Structures are given as C-alpha cells and as structure tokens.
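Here are my notes on the model. Please read them with the viewer open.

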Amino acid sequence: MRRITIVGAGQAGLHLGIGLVQQGYEVTILSNRTPEQLRDGTVLSSQSMYDMALSLERELGIDFWEDNSPKYRAAAMSIANSAGEVMCEWEGLMDKPGQSIDQRVKMPVWMAHFEKLGGKLVYVDADIDTLEDYATSSDLLLVASGKGAIGQMFERDPSKCVFDKPMRILALTYVEPMKPRNGPPAISININPGIGELVTFPGLTLSGECDIFTIECVPGGPMDCWDDVKTPQQHLETSERLLREFFPREAERIDGNLKLTDDRGILRGRITPTIRKPIGKLPSGALVFGLADAIALNDPLTGQGSNNASKCAKIYLDSILERGGKPFDAEWMQQTFDVFWDYARWPTQYTNQVLVPPQPHILDIFKAAGRNPQIGYLMANSFNDPKSIAPWYYDATAAQDFLASMAAAA
Ligand SMILES: Cc1cc2nc3c(=O)[nH]c(=O)nc-3n(C[C@H](O)[C@H](O)[C@H](O)COP(=O)(O)OP(=O)(O)OC[C@H]3O[C@@H](n4cnc5c(N)ncnc54)[C@H](O)[C@@H]3O)c2cc1C
C-alpha cells in the first residue's frame, strides 16, 4: 500500500486525503489545528463555492451540507462612482447554485470522516524537520498548508506573479441574516473604483444561516481605516459604517443594526497574490509537492480559492491514481502541476484583473451584460469556471469581436 503524507487539513488537504483513503492508500494528514480549535476559532474564509468544485465533493460523498445550506443561483456585479452611485451593473442566473459552508463547520466534519475511513490525523505544526521525518517514511509528501509559513519553502515564480504586495486590506464579517436583496439570493460584487469592493452572499455557519460579507479596501484609500479596530464590536461598527458610506444600496438590506453571528465571525488581513514553483527540496534532497493556496494564492475578491483548492485536489488525486506503483518524481510532479496551472491561470487572471482599475474592455463587457441577458448569463457562470469566458474577458481585441457578434445576434 502506498504511503502519502499531506501537510494541512484544509479544503485541499482533506479533499485529497479522503479521495486517497477511499482508494486504499495509507494517508497521514498533519494538521496544526485540532477539530475543536477549528470549530472554536475565528472564521477563516467566506468560501463561496460553485458547481464544478461542489460536484467534486459530491463525487467523493463529502457534500454533507447539500440539503441544509442556503443556496444562491444568481451572480450580480455593479460598478459605482466614489459617491456610491451605481454607474453600470449586470445580473445573471447560474446553471447550478453556489453555497458557502463556514470552514469551522466543514473541516471538523471532514476530519472525522477522514479518520472514519482509516486516515491518520497527526496534530503538529509541521516544520522542515517534521517534513524530513515524513519524507523518509512516505512515497509522496504533499504540502497543502494554505497561507501557512511552511509554504514559503516553495520558491516564488516571478513569471507567474503580477503583484509583489497586497492589493487590498480584507475585512470579513459573518452577520445574522440581513433583509433579502431585490432579486434572487446571489453572490453580489459591488466595485467602487479606487476605494474597494464589497462581496456578499448567504452562508451556513455554526448558528445556522447567515450573511457573509467581505469588504476589500484599497490601501491608502478611504476604507483603509482598520488600524485602530481591536474588538469584534468595533469591527462590526466599522463594517456597517463603510457599507452605509460606500455601498448604500447594499446597506439598504440592514434591518435595524447588523448583528455578528458570534464574536469569532470576523477576520482581517492582507494577502499578497503569489504563485510559487510547485516542487520544494528538503535539505536531505527529498522532494515535496505543493498544492492549492500553498503554491497558487490569490486575493479572495472573486471567490475562487476554495474552488481552486478542490479542483487542484481532484487533478492531483487522478494523477496519483494514474501513477500506480511508479515513483513520484520531479517530472511527474511538474506534469501534474502543469495540468492544474492550465486551469488555475484563468481564475488567477480573473481575480488579478479586478484588483486594478477596470480596463475599458471590462467596462464595455459589464455594460453589455447589463443590457443583454445572454452576456449576463455567461458572466454569472464564469464564477463557476473563469476559463469559460476566455478569450474575450481577458483580451481587449477578443472582447470587441465578442461584443460585436453578440450585438449582431441580438
Ligand atoms: C477573507 C477571505 C475570503 C475568502 N473567500 C473565498 C470565497 O468566497 N470563495 C473561495 O473559493 N475562496 C475564498 N477564500 C479562499 C479560500 O478560503 C482558500 O483559497 C482555501 O481555503 C484554500 O484551501 P487550502 O486547502 O489550500 O488551504 P486552507 O484551507 O487554508 O488549509 C490549510 C490548512 O493547513 C494548516 N497548516 C498550515 N501550516 C501548517 C503546518 N505547518 N503544519 C500543519 N498544518 C498547517 C492550516 O491550519 C489549515 O488548516 C477566501 C479567503 C479569505 C482569506
């Protein structure tokens, strides 16, 4: 039986680990947090996920929240001026719904399931010595440590990185359900150029249904005001003030005052979008293979990271199974990563493109999507698969051709 060790019990590590134990592999996952610490800790993400990724969870039988979580079938985007007045907007229906399950709910359940299937969980904050130990006893050692520092063992790949500093200050908040928006439940992204964005959708948290919103603040801009925020109540008050000032239409959904789902339903931070080389070498010369956020970390603005993690886990799972009894060498690792990157470069570009002021062709597409429901539909479904709107969303000339053909067909 082949032995696989994975560092990190998050979206990617557990997905891959469960897939492998189901196939009879001897799998150990190293986690620096116990299920109790995860459940009792602060929120980690807003983890909006869409059908392609969710169907991979269904495939493994780990879609435990399919019937009891709030769903959203629509996506909406608006661009405002600095006063918050909407300049252009679109809305479209997704073919299949999206959902968001608080990782404090999801990961402990997946950890228990992994152990029930025969997987081994070891609680350790893995460092290089730990990796050396497990490299000796494993046929393959993977690192799925998300934003964890151990991921820095993978070299940054400058050819794939667009930014070298955080482009946003993130403020994530879980609140008790707000008034429903006009229209169907949706992932709604409100862009306020030069100031930042508000991303909202419903989710399932420890106490039940909630609304989750992330305020993405441009550093140095008027929403860069978090330095003195210390308590959960201050976080909530600052969030509510920013909503009312810069996203007045979404603020109309506040019924009385916003209420946190719990004092740990908040998170603040900054992410430098970073793509790393997928193969790390330990001092002994042993190879370590990175996956998901550990090697392809994007800003959460377009809600792609958990989806990427799930898709990466699936690609790696298939590649490990196909490898049979042959060694997991550097060539195999690079080929496996290349398959992932062939997809992941699209969500990476999809996200990076909205971290800078919107290019004219993007504005043209958003305006056209507001007039033409077919374009709104394609945009809505791009959350599920950012590659599906290539090349026209990513290239000014292709965008002109696409918009001309859509206008001619209308
Ligand atoms: C504010 C915010 C909002 C987000 N919203 C969305 C969204 O709406 N949709 C979406 O798709 N994505 C979103 N994401 C991104 C998403 O959460 C991540 O991309 C996803 O969780 C990555 O999965 P992963 O398995 O790579 O890492 P993680 O899920 O982060 O798991 C890594 C695990 O490894 C553990 N670990 C780290 N270092 C070590 C170590 N040395 N030893 C042992 N264990 C270790 C960590 O504790 C963690 O449990 C958001 C992220 C943030 C910050």
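**Notes on packing**

1. Start at Leu 291. Leaving aside neighbours within four places in sequence, Leu 291 is in contact with Ala 12, Leu 16, Leu 142, Val 143, Ala 144, Cys 312, Ala 313 and Tyr 316. Contact means heavy atoms within 4.5 Å.

2. A word on the source. This is a predicted model, where local features need pLDDT of at least 70 and side-chain atom pairs count only at pLDDT 80 or more, while totals for chains, interfaces and linings use all residues. Residues are numbered from 1 along each chain as its sequence is written, and side-chain values use heavy atoms, with hydrogens and water left out.

3. The largest nonpolar core has 61 residues. Ile 4, Leu 16, Leu 140, Leu 142, Leu 291, Tyr 316 and Ile 320 touch the most other members. Helix α8 supplies the largest share, 7 residues. A second, separate core holds 43 residues, including Ala 75, Phe 366, Phe 383 and Tyr 394. (A nonpolar core is a set of buried Ala, Val, Leu, Ile, Met, Phe, Trp, Tyr and Cys residues joined through side-chain atoms within 4.5 Å; buried means under 20% relative accessible area, with a 1.4 Å probe and protein chains only.)

4. Helix α8 (residues 305-323) packs on helix α9 (residues 330-354) at about 155°, axes 10 Å apart. That makes the pair roughly antiparallel (angles over 145 degrees). Axes are lines fitted to C-alpha atoms over the stretch in contact, and angles run from 0 to 180 degrees between N-to-C directions. Helices are DSSP runs of H or I, at least four residues, numbered from the N terminus.

5. The α8 and α9 crossing is right-handed (the near helix is turned clockwise from the far one by less than a right angle). Its contact residues include Tyr 316 and Ile 320 of α8 and Phe 337 and Phe 340 of α9. The contact divides into 11 nonpolar, 3 polar and 2 charged residues. (Ala, Val, Leu, Ile, Met, Phe, Trp, Tyr, Cys and Pro count as nonpolar, Asp, Glu, Lys and Arg as charged, the others as polar.)

6. Helix α1 (residues 11-22) and helix α4 (residues 103-116) cross at roughly 25°, with axes coming within 10 Å. They are therefore roughly parallel (under 35 degrees). This crossing is left-handed (anticlockwise).

7. Thr 348 lies in α9. Buried or exposed? Thr 348 is buried, at 4% relative accessible area. Its contacts beyond four places in sequence are Ile 275, Asn 298 and Trp 341. Ile 275 is 73 residues from Thr 348 in sequence, but 9.1 Å away C-alpha to C-alpha.

Key: Helix = DSSP H or I, 4+ residues; strand = E, 2+ residues; numbered from the N terminus. Parallel < 35°, antiparallel > 145°, perpendicular 65-115°, else oblique. Buried < 20%, exposed > 50% of the residue type's maximum accessible area, 1.4 Å probe, protein only.
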